[in-house]
Amino acid sequence: MAVYRRDARRRPVLLIVVLLSLVLVTVDSRGNGLIDSFRRVARDTLQPVQSVVDSVFSPLRDASDGITGYGAVKDENALLKRRLAELEGRLLRERAVGSEVNELGKLLDLPTIQDATGVAARVIGGAPGNFERTVVINKGTSKGVDVGQPVVAGNGLVGKVTEASSTQATVTLLDSPGFGVGVRLENTNERGIAEGRTGEREMRLNFLSKLLPACGKDSSPDTCISDGELVFTSAVANAAFPPDIPVAKVTGIQKKTGELESTVSLRPLVNLNDITYVKVLRWPELTGG
Amino acid sequence: MVIRRVRLALLIVTLVVLQTTVFPQLRVFGAIPDLCLVATVAVAFEEGPQTGAIFGFVSGLAVDLFLASPLGLSALANSVTGYAVGVFQSGFVRESRTMPMVLGFIGGLVGGTIFAIVGGIAGQSGYLSLTSVRVIFVAAIYDAIVALAVFPFVHWANHDSDMGYSRR
């Protein structure tokens, strides 16, 4: 017959740990430098072990596909995908450069994405929990990566750095619930906020001023929203993101019965479930010295 | 006693490494198991509510250091789940081969629900939604599966060779 050991302690253990936990949650929710330091130390301390484990399990994962020489093919595939994405991104950016807002931005002397340098990094892990949309990259503060910096892949915006230790950083993806980015539409230049939605991989566009209708047969494209229309980061002073980064494309405009406004759905241009290489932009750029 | 605690500490470190390195690549319908929560359930099953709560708090804190959610959230969910399993463990059939899976599933549901509710109250976007219900359910099933491997490791780590067991 199986046995178990009875625990003879009678202290109010549950009450103590619950109170401690709630205090920690409250303190960390408001931001605390000490807790952030603990996190950085823990991640840097465990990073060598994680690298070893990842190097052990990576071949096992690859072997499960049963393809000979999978590693070399995978590297070449990733390199080609990155180059293709960069070319696509350049093409998309040129559509944005041709717009009137970019001309106005130059007149107003607003910084542009061409002004931003960056740090290339590789994605080394996904979210370790079930309630977050994040990836971990292999560069940290020692390589110039810092919290708040935007992250892009070849063909568009990926998200921004939300945590950084010495050797790695966490990037919150742009379709994460609560993540918002100021954008403008390709054809009309109308501005809005693109926000991630809970449980959805598509984002929603909330307009800041004028609500535009869906384009009809005879509509002029500069007065309405078209399916497939692109959205770019908008050019405003002190923005969190450089302007004119491709973000998403319009996938639908729906108005449900009983709702006052139409819902504009956006799909991120980058496949956020399959990112290998990213670039962390030094934004805003440091000036002088 | 010291060796037992060292083994349990090493177990926590191992589970955190696996949680952050291996399982993010092994998502099933977008969900991954919570290894430290399953280990907490296993400890509570063997040791009772007080030890289950303490182990849950420590293991939850360890995994919280690598999550984007506030520190203490996993600690709270794991400790309460551990305590609850510990309270009811005397009523479980201990010889059942499926008991780890049943406990892993129940623990996953309870712990995931506490995590989502408290996280939502603490201001985390997206925690209180129908999608969270789906994620918690799938993750609980995943927890039940990994429990088959985690329970034996916990039993090994928890074994105190210099103390005799009392038998009923």
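**Entry 1: where chains A and B touch**

I began with the contact in this predicted model. Chain A brings 46 residues to the contact, and chain B brings 51 residues. Next I asked which elements of chain A each supply at least two residues of the side that touches chain B. I found helix 1 (13-29), helix 2 (33-63), strand 1 (118-126) and strand 5. Helix 2 of chain A gives the largest share of that side, with 12 residues. I then sorted the side of chain A that touches chain B by class: 22 residues are nonpolar, 14 are polar and 10 are charged.

**Entry 2: the barrel in chain A**

I followed the strands of chain A next. Here 6 strands close into a barrel, and I wrote down their order as 1-2-5-4-3-12, with antiparallel pairing. On average, neighbouring strands of this sheet are turned by 45° against each other, direction ignored. A reminder to myself: strands of a sheet pair through backbone hydrogen bonds, and the pairing can be parallel or antiparallel.

I picked one pair to look at. Strand 2 (residues 134-137) and strand 5 (residues 169-173) of chain A run antiparallel and are joined by 4 bridges. Which residue of strand 5 does Val135(A) stand opposite? I found Val171(A) there.

**Entry 3: one alanine in chain B**

I moved on to Ala84(B), which sits in helix 4 (residues 73-88) of chain B. Is Ala84(B) buried or exposed? I counted 22 other C-beta atoms within 10 Å, and 20 or more count as buried, so Ala84(B) is buried.

Last, I checked a distance from this alanine. Ala84(B) and Met101(B) are 17 residues apart along the chain, and their C-alpha atoms are separated by 17 Å.

Terms used
Residues numbered from 1 in each chain as written. Chains lettered and ligands numbered in written order. Predicted model: local features only at pLDDT ≥ 70, side-chain atom pairs only at ≥ 80, totals over all residues. Pairing = 2+ DSSP bridges. Axes fitted to C-alpha atoms, helices over the stretch in contact; angles between N-to-C directions. Contact = placed C-beta atoms within 7 Å. Nonpolar A, V, L, I, M, F, W, Y, C, P; charged D, E, K, R; others polar. Buried ≥ 20, exposed ≤ 12 C-beta atoms within 10 Å, placed from the backbone.
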